[in-house]
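Subject: Structure for you to look through

Hello,

I am handing over a structure that I have been reading through, and I would be glad if you opened it before going on with this email. My notes on what was found come after it.

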Amino acid sequence: MTEHVENEAVVLYGDILRLTDAVGGRAEQVIREASGLGGSEFEVLLRLARHPDGRTTSARLAEDLSFTSGGLTRLIARMEEAGLLTRHAHPDDRRAALLEPTPRGRELLHRALDAHVPQITAALVDPLTPVERLVLRELVTKLLTHSSRGTVRPR
């Protein structure tokens, strides 16, 4: 056991968790204060905004977010009930529905991003030089590519 305590991978993993907790916890607080959105609601609206025409299927959204279908179904139902998104019939697949933010959902996402972008920029971008940012992006992409999660496919 002693040889594993200071193992490079174990120490790095702990540092990544600490960074995620420090930056992510503050980000969720800023988003909630600015918009009232929870972290998962924010992520759903953000992912929808990144898709062509601002909408996609729940299956694609689950893939983007690494959610289980059941977990995403419950979240979508809550968001629909809260007036944050709507479902539309898919024009090419009668079994699927397209999810799209409502005007209220888009407004709350806009408020959240107005507060989130400066906060997350100060935490993750400003401390690094342009070269360091590029290297970090490449390293994160490489690690995600080799993980079970993988990178999010381009639209």
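**Charged pairs**

Asp15 forms a salt bridge with Arg18, and their closest N and O atoms are 3.5 Å apart; a salt bridge here is a side-chain nitrogen of Lys or Arg within 4 Å of a carboxyl oxygen of Asp or Glu. Before I go further, please keep in mind that this is a predicted model, in which local features need pLDDT of at least 70 and side-chain atom pairs count only at pLDDT 80 or more, while totals for chains, interfaces and linings use all residues. Residues are numbered from 1 along each chain as its sequence is written, and side-chain values use heavy atoms, with hydrogens and water left out.

Asp15 and Arg18 are three residues apart in helix 2 (residues 8-35), so about one helical turn separates them. Helices (H or I, at least four residues) and strands (E, at least two) are DSSP runs, numbered from the N terminus. Arg18 is exposed, with a relative accessible area of 62%, whereas Asp15 is partly exposed at 39%; buried means under 20% relative accessible area, exposed over 50%, and partly exposed in between, with a 1.4 Å probe and protein chains only.

The structure holds six salt bridges, and side chains of opposite charge can pair in this way when their charged atoms come close. Another of them joins Arg60 to Asp64, with the closest N and O atoms 3.0 Å apart. These two residues are four apart in helix 4 (residues 58-65), which again means a separation of about one helical turn. Arg60 is buried, with a relative accessible area of 15%, and Asp64 is buried too, at 4%. Arg95 also forms a salt bridge, in this case with Asp93, where the closest N and O atoms are 3.3 Å apart. Arg95 counts as exposed at 79% relative accessibility, while Asp93 is partly exposed at 24%.

In what order do the three strands of the open sheet lie? The order is 1-3-2, and the pairing is antiparallel. Strand 1 (56-57) and strand 2 (85-89) are the edge strands, each pairing on one side only. Two strands are said to pair if DSSP finds at least two bridges between them. Strand 2 and strand 3 (residues 97-101) pair over five bridges; within this pairing, Arg87 has Leu99 as its bridge partner, and Thr86 stands opposite Glu100. Strand 1 and strand 3 pair over two bridges, and there Thr57 has Leu98 as its bridge partner. Four of the five residues of strand 3 are buried, so this strand is largely enclosed by the rest of the structure.

Asp53 lies in the loop between helix 3 (39-50) and strand 1, and it has a positive phi of about 60° although it is not a glycine. Most residues other than glycine have a negative phi. Asp53 counts as exposed, at 65% relative accessibility.

Finally, Leu139, in helix 7 (residues 130-145), is partly exposed, with a relative accessible area of 46%.

Best wishes
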